[in-house]
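Work through the exercises below with the sequence and the model open. Each task is followed by a solution in steps.

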There are 2 protein chains.
Amino acid sequence: MRVVVIGAAGLLGVKLTNRLIADGVVGGTAISSLSLVDVVTPARPENAPFPIETRAADVSLAGTAQSLIAAQPDVIFHLAAIVSGEAEADFDKGYRVNLDGTRFLFDAIRQTGGGYRPRVVFTSSIAVYGAPLPETIDDDIALTPLTSYGTQKAIDELLLADYSRRGFLDGIGLRLPTICVRPGKPNRAASGFFSSIIREPLNGQEAILPVPETVRHWLASPRAAIGFLVHAAALDTTDLGARRNLTLPGVSVTVGEQISALRLVAGDRAVALIRRRPDETIAKIIGGWPRGFAPTRALELGFRGDTDFAEIVRIYIDDELGGRIA
Amino acid sequence: MRVVVIGAAGLLGVKLTNRLIADGVVGGTAISSLSLVDVVTPARPENAPFPIETRAADVSLAGTAQSLIAAQPDVIFHLAAIVSGEAEADFDKGYRVNLDGTRFLFDAIRQTGGGYRPRVVFTSSIAVYGAPLPETIDDDIALTPLTSYGTQKAIDELLLADYSRRGFLDGIGLRLPTICVRPGKPNRAASGFFSSIIREPLNGQEAILPVPETVRHWLASPRAAIGFLVHAAALDTTDLGARRNLTLPGVSVTVGEQISALRLVAGDRAVALIRRRPDETIAKIIGGWPRGFAPTRALELGFRGDTDFAEIVRIYIDDELGGRIA
């Protein structure tokens, strides 16, 4: 089985690559080759049990997608995207990469012909939902994005469903929860604090909390997200019917519950490193975001998320800190 | 007030033109000029109280949209589209006209700059909804198109909302019910019988009914549809918030109720002209369509549809037959 990962240099791309190398298979079928693609050449992993190709390519340029699928891969993970903040700041770039790039890819597949119909696993986002929203969002609620990023993802979902319905590809779109705990440095994303209030204290550093503890959001660990991607690559899509896009299981927690879980796992000393510094701008942005979902279809299709937020904290400690707290 | 109608040669375009000429105003403001655009040059109406320009132009060609809005019209009615059947038969053409054409128009407006922010009234369709659906679809139900046409309209809705949110245009999208009674000849559209079982008998001709009388659908007269377009052109869009696309009021009737209304208005002699000829293919297509809506937001915003199906029959007789039945 030939596999391509587009967007392989990002957080999920790197973790997915490591998982594919560890597994050696997708859905029980041995991986025969892996192509890693990003706008910068992805790092080449060592000790893979199959040949790996690494490529720098920009899918938002017409013609690029054709070369990426020339070997007719069986599974294409399409993770490449301009993130929310940048898509809002640079309107043209966001649409070029997040809409045109995805459409170029889908069209390149369609135009291959000869019965070529690969599995395409596409990462969408809960950013396709925007306020006003019910407290718990079920699978039948309308997509109402309040950002250009969310709009582009919602459009990609529609394309994925239509191209799948027409038989051009075998697509599945995954509305990933907000990933937490993200490894790395604090960033300026409005959602950054969901990770940093856990990550910084576990690394012995102070963290800023800009919103009240009552704020509720929908989170999944990086490990759970990779589990979704791998499960989606091997799923029997006849069970999906025409609805090719799924909201995935997350953990709906308040910031207060996040902090309680941090205390449970790492004690008061960690919690004491969280500094309250209210930021009205961030609070307002977060106010339009989803608080929780009832991802019934994904659960029925066998997708499994994190058990609770304490597990998410422990996954960060295991996967990023070698099991040890600073 | 400068007004442009793109798609002016179609059923709704012609009726909208006549209404604008009759009114002379949009939302109380006098029309100073009207530009009529279609892929074929629209007929030039006579006796208009303002200058009228007619143009043949294809909005799906890059660069065309710029010339259509060079005079910076205040209101743009964008009705142009490839219909459902053709968009399904010709994948490229459907996406080129229904998606790219609309995006070219929106981008041309965006790139005008200088604070130019026209009202854009866009005709979407209930084809953005596909089975499985609740018996009555409220304003918060997810868009799940089962045709490329419905997909393209759903994408256009997302673009309209995002471009409006960003302040590039002041858009409103109207999910029109199936238009009934359409004047003219029988056509091969799957929806054609909803009109032809009324139109043909009123013209003294036989009509074919391919589905059971229990089939329920969501209909509006051409006159009601034009009322929606005109109301949308003058609406205070601050009341819309970020949700720029509306399901409009229709009449939810079964085919049996359509026939009862025909009997009420035109008697048994008309009803006797309907021939039952079951068609499994058409029945299956119609089975995936919406049966009824609760268009709460549109009603709150002052949109008014037909009272009942008997009124729809009478509107056809008044507007197309000069008030007389054959």
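The expected span of a helix is 1.5 Å times one less than its number of residues. The model is predicted.

**Exercise 1. Compare the span of helix H1 of chain B with its expected value, then find which way its buried residues face.**

Step 1. Helix H1 of chain B covers residues 11-23, which is 13 residues. From first C-alpha to last, H1(B) reaches 19 Å, close to the expected 18 Å.

Step 2. A residue is buried if 20 or more other C-beta atoms lie within 10 Å of its own. In H1(B) the buried residues are Leu12(B), Gly13(B), Leu16(B), Thr17(B) and Leu20(B). Viewed down the axis of H1(B), these residues fall within an arc of 135°, so they line one face of the helix.

Step 3. An α-helix has 3.6 residues a turn, so residues three or four places apart point the same way.

Step 4. The partners of the buried residues of H1(B) are strands S1 (2-6), S4 (33-38) and S6 (75-78) and helix H7 (222-234), in chain B. Just after H1(B), Gly24(B) has a positive phi of about 75°.

**Exercise 2. Repeat the analysis for helix H8 of chain A.**

Step 1. Helix H8 of chain A (residues 255-266) has 12 residues and reaches 16 Å, close to the 16 Å expected.

Step 2. Val255(A), Gln258(A), Ile259(A), Ala261(A) and Leu262(A) are the buried residues of H8(A). Their arc around the axis is only 160°, which puts them on the same side of H8(A).

Step 3. The elements that these buried residues pack against include helices H6 (192-202) and H12 (309-320) and strand S13 (251-254) of chain A.

**Exercise 3. Is Thr254(B) buried, exposed or partly exposed, and which residues does Thr254(B) touch?**

Step 1. Thr254(B) lies in strand S14 of chain B, residues 251-254.

Step 2. A residue is exposed at 12 or fewer C-beta neighbours and buried at 20 or more. Thr254(B) has 16 other C-beta atoms within 10 Å, so Thr254(B) is partly exposed.

Step 3. Leaving out residues up to four places away in sequence, Thr254(B) touches Glu213(B), Thr214(B), Val215(B) and Arg216(B). Arg304(B) is 50 residues from Thr254(B) in sequence, and their C-alpha atoms are 21 Å apart.

**Exercise 4. Decide whether the radius of gyration of chain A agrees with that of a compact globule.**

Step 1. For 326 residues, a compact globule would have a radius of gyration near 20 Å; chain A has 19 Å, which agrees.

Step 2. Along the principal axes, the C-alpha atoms of chain A fill a box of roughly 60 × 45 × 40 Å. Chain A holds 12 helices and 14 strands, and buried residues are 49% of its 326 residues.

Methods:
Residues are numbered from 1 along each chain as its sequence is written. Chains are lettered from A and ligands numbered from 1 in the order in which they are written. This is a predicted model: local features need pLDDT of at least 70, side-chain atom pairs count only at pLDDT 80 or more; totals for chains, interfaces and linings use all residues. Helices (H or I, at least four residues) and strands (E, at least two) are DSSP runs, numbered from the N terminus. The arc is that of the directions from the helix axis to the C-beta atoms. Two residues are in contact if their C-beta atoms, placed from the backbone, lie within 7 Å. The radius of gyration is taken over C-alpha atoms; the globule rule is 2.2 Å times the number of residues to the power 0.38.
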